[in-house]
Amino acid sequence: MKFFIDTANLDEIKSAAAMGVLDGVTTNPSLAAKETMPYRELLAEICKIVSGPVSAEVLATEHDGMLKEAEELAAIADNIVVKIPTILEGLKAIKSLTERGINTNATLVFSPSQALLVAKAGAMFVSPFIGRLDDISSDGMELISRILTIYRNYDFETEVLVASSRHPMHVVESALMGADIVTMPYDVIAKLIKHPLTDIGLAKFLADYKKAAKG
Ligand code: E4P
């Protein structure tokens, strides 16, 4: 399973890349708004750090505007994948961009029917937002399971990119289900390595060695 980081913060991206687990980056307008550098400059910097897919989101909401913006974003670097909102105009944009050889990530997906349509239109990634479903007492992981079943039934090439992950168990459950990718905030990556018994064990090894060395 591939690991993407869900941030536009350069320090977080550099740190995750140094861990050797980073396969790509997802950004969105809300994440970009937290940074001081203009969005497109930021994307260019991110693409210098990460060679895998870097998702960059359009702000336009109709087909022609999405296409224009997507072409500008795709020109920033070869590894840019353009995030398109999963609405009717977005579906048309995914089809047009796929025909032009521009890779797309269908974002804000909350149902199996949306996932089915974006796969048929040719999206490279589908991004179901599981945390936002959990937030409204729905089951985010159930959506992932249903999308994986549909895609496997018909051998769709679109990769399932689990988005809006909030904690390590979202990542573990995604791996057990065989999702292609999870994008996660930096703190979730950091939490994945933590185990209290590792910390206790390490402290004891060091203390024991120190005691013995004194004696
Ligand atoms: C994914 O591409 C989105 O940027 C992201 O995962 C949204 O997460 P949130 O629901 O925590 O904002």
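Colleague: Which side chain makes a polar contact with the side chain of Ser127?

Modeller: That of Asn105, at 2.7 Å. A polar contact here is a pair of N or O atoms within 3.5 Å; within protein, one must be able to donate a hydrogen and the other to accept it, and residues adjacent in sequence count only if both atoms are side-chain atoms.

Colleague: Before we go on, what kind of model is this?

Modeller: It is a predicted model, where local features need pLDDT of at least 70, side-chain atom pairs count only at pLDDT 80 or more, and totals for chains, interfaces and linings use all residues. Residues are numbered from 1 along each chain as its sequence is written, and side-chain values use heavy atoms, with hydrogens and water left out.

Colleague: Thanks! Back to Ser127: is it buried or exposed?

Modeller: Ser127 counts as buried because its relative accessibility is 1%. Buried means under 20% relative accessible area, exposed over 50%, and partly exposed in between (1.4 Å probe, protein chains only).

Colleague: And where does Ser127 lie?

Modeller: In strand S6, residues 125-128. Helices (H or I, at least four residues) and strands (E, at least two) are DSSP runs, numbered from the N terminus. Leaving out residues up to four places away in sequence, Ser127 touches Asn105, Ala106, Thr107, Leu108, Val109, Leu161 and Ala163. Contact means heavy atoms within 4.5 Å.

Colleague: New topic, the nonpolar core. Which residues touch the most other members of the largest one?

Modeller: Ile80 and Tyr151, out of 57 residues in that core. Helix H8 (residues 140-154) gives the largest share of this core, 7 residues. A nonpolar core is a set of buried Ala, Val, Leu, Ile, Met, Phe, Trp, Tyr and Cys residues joined through side-chain atoms within 4.5 Å.

Colleague: What is Ile80 in contact with?

Modeller: Setting aside neighbours within four places in sequence, Ile80 is in contact with Leu43, Cys47, Val54, Ala56, Leu73 and Ala74. There is also a second, separate core of 5 residues, including Phe4, Val81, Phe125 and Ile181.

Colleague: Now charges. How many salt bridges are there in the whole structure?

Modeller: A search finds 13. A salt bridge is a side-chain nitrogen of Lys or Arg within 4 Å of a carboxyl oxygen of Asp or Glu. One of them joins Lys83 and Glu57, with the closest N and O atoms 3.8 Å apart.

Colleague: Which parts does that pair tie together?

Modeller: Lys83 lies in strand S4 (residues 80-85) and Glu57 in strand S3 (residues 54-57), so the pair ties together parts that are 26 residues apart in sequence. Lys83 counts as buried at 4% relative accessibility, and Glu57 counts as buried at 10%.

Colleague: What about Glu72 and Lys68?

Modeller: Their side chains meet in a salt bridge, 2.9 Å from N to O. Glu72 and Lys68 are separated by about one helical turn, because they are 4 residues apart in helix H4 (residues 63-74). Glu72 is partly exposed, at 31% relative accessible area, while Lys68 is exposed, at 54%.

Colleague: Which residues are linked with Lys68 and Glu72 in a network of salt bridges?

Modeller: Arg40 is linked with them in that network.

Colleague: And what does Arg100 meet in a salt bridge?

Modeller: The side chain of Glu71, at 3.2 Å from N to O. This pair links distant parts of the chain, 29 residues apart: Arg100 is in the loop between helix H5 (88-99) and strand S5 (104-109), and Glu71 is in helix H4. Arg100 is partly exposed at 46% relative accessibility, and Glu71 is partly exposed at 38%.
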